[in-house]
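Colleague: I have a model open and want to learn how to read its features. Please take me through a few.

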Amino acid sequence: MKYKKELLSLYSFRLPFSITYMLQASEYKVDAYLKWLKRTHDFSAVQNRKKLDLTSKAKLTLAFLSVGMLVELLAGLALAIYGLVTPGALWAIEMGVAITIAYPLIWPVLIILPLEFARVLVVEPSLAKQVSKSSAIFAKHKAIKIAVAGSYGKTTMKELLTTVLGEGKEVVSTLANKNVASEHAKLASNLSGKEDIIILEYGEGAPGDVANFAKNTHPDYAIITGLAPAHLDRYKSLKDAGEDIFSVADYLKGKNVYVNGESESIGGFLKKEYISYDQKGLANWQVRDIEVSIDGLSFSLSDGKQTLNLNSRLIGRHQVGPLALVAVLAIKLGLSKEQVVDGIAKTEPFEHRMQPYELNGAWIIDDTYNGNIDGIKAGTELLKELDAKRKIYVTPGLVDQGKENVAVHETLGKLIASANPNIVVLMKNSVTKYIEDGLKQANFKGEVILISDPLSFYSSLDSFVANGDLVLMQNDWPDNYA
């Protein structure tokens, strides 16, 4: 039955949609797509967590696939029919049948050719022109430009800066987690020239990315939010990733560079001229009286001359350092004490990043965007700190951990155990065993539940939780990972 379903999925009219979705979910990166294609047997099951977004690029890809498959199918049928009506043309029947049968095997690979031609001949030259134009715009613009880089926490930091600095300045920033060169160029093209501050999030997808972003956007300040195993399918090692991220600090020659001092992996890259921020504060500003709850956090920040009593809707002690940095930077850039206090009060969790909500009397903390071990540490520390009748931890594990995969997931298991939840829910996949090994090594005594259908679990979460529960959900597992 299983093999019949897999075979039917190859000849389903939905196949072009599945292939297009796989390309889109892989960000049209050939190596990632081919790895997914190689391990796929049932094409009807590839659109699991998300669905195809019919962008113009997706529509073009879908049309090319559909027309190509149809043409091959019709050609094969025509050739077979020709063989049937033509004496001695058995070869035509055999070739026609072969062509007809082969189309779902050929086109998932053949589609790469037009995509690569388009990338080399159209997309990359067009992007190069956009970037060159945007570089000139950024260079001439009088606004203060702040770059935000790191393995994690970039979007939250960018949103905090945008919210707080916006209390007293004209601020623009990149949208959501869109952090590549094309998005920087798009932002530049929409600038009015009246902006006081421009905030740019830098993604790190491959060696040299951050260095190029810095060269093209000309930042005046850089904030490095942390370093952790991520995108190690593209970087050879964590050190390589760190060197790329810290290239923005090199661009600024160490001036106006703020670094998250709580990121353990960052130590080897720190220099004396960098300004480190953490839960204790930064520079001559000190943090005191931290209070954490499911509703948010509060603390005081003082430099000996003035004190800021700050309240935020962000949750987790790990957010104190970033909030302190934003407050101090805002003061430095000319905001008043009152503006900073009001701005911090407006800060709240970004979507799927330590975002709490109530469900049937239980509190759910949605941290499913998180994808690194430092985020896991922050989450498990928060789980320890908050009170609940029953604590539940949910995760599928982390992706893109490269050669650190086993060690990271064993550490993840130990961190979960240290939070001592009553129940651990693991989504079954290729790293589940390593998380279980970490739990065992830490002598975890609670209940472990393995889930084969994550979507079903999440959609019926209301029937799983009870009044007084606290559920922490960390990370999600994209369709293109096994």
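Modeller: Start with the elements: helices (H or I, at least four residues) and strands (E, at least two) are DSSP runs, numbered from the N terminus. This is a predicted model, so local features need pLDDT of at least 70, side-chain atom pairs count only at pLDDT 80 or more, and totals for chains, interfaces and linings use all residues. Residues are numbered from 1 along each chain as its sequence is written, and side-chain values use heavy atoms, without hydrogens and water.

Colleague: Where does E27 lie?

Modeller: E27 sits in the loop between α2 (15–25) and α3 (30–39).

Colleague: What is its phi?

Modeller: Most residues other than glycine have a negative phi. E27 has a positive one, near 60°. D289 is not a glycine either, and its phi is positive, about 55°. D289 belongs to strand β8 (residues 285–293).

Colleague: Is E27 buried or exposed?

Modeller: Buried means under 20% relative accessible area, exposed over 50%, partly exposed in between (1.4 Å probe, protein chains only). E27 counts as exposed because its relative accessibility is 55%. D289 has 60%, so D289 is exposed.

Colleague: Which helix does α7 pass in a right-handed crossing?

Modeller: Axes are lines fitted to C-alpha atoms, for helices over the stretch in contact (heavy atoms within 4.5 Å). Angles run from 0 to 180 degrees between N-to-C directions. A crossing is right-handed if the near helix is turned clockwise from the far one by less than a right angle, left-handed if anticlockwise. Here α7 passes α12 in a right-handed crossing. Helix α7 (residues 154–165) and helix α12 (residues 320–332) have axes that come within 10 Å and cross at roughly 40°. Contact residues include M157 and L160 of α7, and P322 and L323 of α12.
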